[in-house]
Amino acid sequence: VHPAFPFIPPFIPIFLFFVLANLLVFYALKQPGIFSGLSEETKPATDTLKEKYAKTILPGDTASDYERKLLTFMENEKPYLEPLLNLPQLAEKINIPGHHISQIINTRFQQNFYHFVNRYRIEESMRLLKSNRSSTNSEKKKTVTEIMYASGFNSKSVFNTAFKKHTGMTPTAFSKQYIDR
């Protein structure tokens, strides 16, 4: 028996796998239809939204009324301070169908519901962090975690990520910026 013979059997499956993989790639490249669904990301977001809401488009005046009602409610009633707020709850509170609120947020603000709500929460946390600086010594200064909960967040990682995305800095760095002044 030749000493190289024991190494031939493991080589055969590897070689066959290599040939099979190359054949699959070759045939896939000859059929571009296989990859046609991958180009969705190249569509502009507004075109995708128009397609999504083509059958349920709101008339302009109704959409404007809903937008105004939504913004007024968000600013006056501050429902975003409720950590478990969701779209159906908000829809019930302002008496607008949930799918219409979703459509307004998506088309008018180019955001989804949670980004829309988190923007209000971040603005609230920024206000609280700034006012925390002006607290007197007799008033206990709030921690960043206390401010996070007071702003409607219930997850530190979501809070930190959203805050940094919105402001370009962490909540702690933002807070220190105002303490040092």
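User: What makes Ile101 a residue that touches Leu70?

Analyst: Contact here means heavy atoms within 4.5 Å. By that cut-off, and not counting residues up to four places away in sequence, Ile101 touches Leu70, Leu87, Leu90, Ala91, Ile94 and Ile96. This is a predicted model, where local features need pLDDT of at least 70 and side-chain atom pairs count only at pLDDT 80 or more, while totals for chains, interfaces and linings use all residues. Residues are numbered from 1 along each chain as its sequence is written, and side-chain values use heavy atoms, with hydrogens and water left out.

User: Why is the set with Leu70, Met74, Leu90, Ile101 and Phe116 called a nonpolar core?

Analyst: Because a nonpolar core is a set of buried Ala, Val, Leu, Ile, Met, Phe, Trp, Tyr and Cys residues joined through side-chain atoms within 4.5 Å. Buried is under 20% relative accessible area, exposed over 50%, partly exposed in between (1.4 Å probe, protein chains only). The largest such core has 20 residues, and those five touch the most other members. Elements giving two or more residues to this core are α3 (60-77), α4 (87-94), α5 (98-109) and α6 (113-133); helices are DSSP runs (H or I, at least four residues), numbered from the N terminus.

User: How do you know that the buried residues of α4 lie on the same side?

Analyst: Leu87, Leu90, Ala91 and Ile94 are the buried ones. They cover an arc of only 100° around the axis, so they sit on the same side of α4; the arc is that of the directions from the helix axis to the C-beta atoms. On the other side, Pro88 and Glu92 are exposed.

User: What covers the buried residues of α4?

Analyst: The cover includes α3, α5 and α6.
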